[in-house]
Amino acid sequence: MQITLIAIGKTDKSELEELITVYEKRLKHYIKFSLEIIPDIKNRKNLSETQQKEKEGELILAQLQPTDTLILLDEKGKQYSSMDFAQLLQKKMNAGTKNLVLTIGGPYGFSDAVYAKCSGKISLSKMTFSHQMVRLFIVEQIYRGFTILRNEPYHHQ
């Protein structure tokens, strides 16, 4: 299985980029992982919230292959413990998932078309985090999930 993380807009904090890179490198020992950044929409200040979500949605959907399994990082999604998230990863691998695509939307969330295509939603917390922080948190949780599955000492019960 491969895991792809799609995110809208670049990270403007080099400290966060460095930390994300640390976990990307660690993940290479477990799985193929890629981070795909979709540039911010140009002239988005001139677009309504709905128009912005539609344009971002088109760009997200254009990244997908027909066999991809799309899961959205969404505030209305299901919350998982780290152990439960590890089990979700295992279930996806056992099911023969080729590419698990986790997606972080823009500031207003996702278009209806993206919601229609997804097979699940995950919420990292009831709190609101910046989209840039969410990237770090989910990459770390993917890494943590694989260390849990391998019974490695990174995660403590």
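Me: Which residue in β4 is the bridge partner of L5?
Reply: That's L102. This is a predicted model, by the way. β1 and β4 (residues 99-104) run parallel, joined by six bridges.

Me: And how does β1 pair with β2?
Reply: Also in the parallel sense, over seven bridges, with β2 covering residues 32-38. T4 sits opposite S34 there.

Me: What do β1, α1 and β2 make together?
Reply: A right-handed β-α-β unit, with α1 spanning residues 14-27.

Me: Is β1 mostly covered or mostly open?
Reply: Mostly covered: of the seven residues in β1 (2-8), six are buried.

Me: OK, switching to rings. How many aromatic pairs are there?
Reply: Six in the structure. One of them is Y30 with Y143, edge-to-face at 5.8 Å centre to centre and 65 degrees between the planes.

Me: Where do those two sit in the chain?
Reply: Y30 is in the loop between α1 and β2, while Y143 is in α5 (residues 131-149), so the pair links distant parts of the chain, 113 residues apart. Y30 and Y143 are both buried.

Me: Which residues are in the cluster with them?
Reply: Ring pairs link Y30 and Y143 with Y23, F146 and Y154.

Me: What about F110 and Y115?
Reply: Another edge-to-face pair, 5.7 Å centre to centre with 80 degrees between the planes.

Me: Why does F110 count as buried?
Reply: Because its relative accessibility is 3%, and the cut-off for buried is under 20%. Y115 is partly exposed, at 28%.

Technical notes: Residues are numbered from 1 along each chain as its sequence is written. This is a predicted model: local features need pLDDT of at least 70, side-chain atom pairs count only at pLDDT 80 or more; totals for chains, interfaces and linings use all residues. Side-chain values use heavy atoms; hydrogens and water are left out. Buried means under 20% relative accessible area, exposed over 50%, partly exposed in between (1.4 Å probe, protein chains only). Helices (H or I, at least four residues) and strands (E, at least two) are DSSP runs, numbered from the N terminus. Two strands pair if DSSP finds at least two bridges between them. A crossover is right-handed if, with the strands pointing away from the viewer, the path from the first strand over the helix to the second runs clockwise. Rings of Phe, Tyr and Trp (its six-membered ring) pair if their centres lie within 6.5 Å; planes under 30 degrees apart count as stacked, over 60 as edge-to-face and the rest as tilted.
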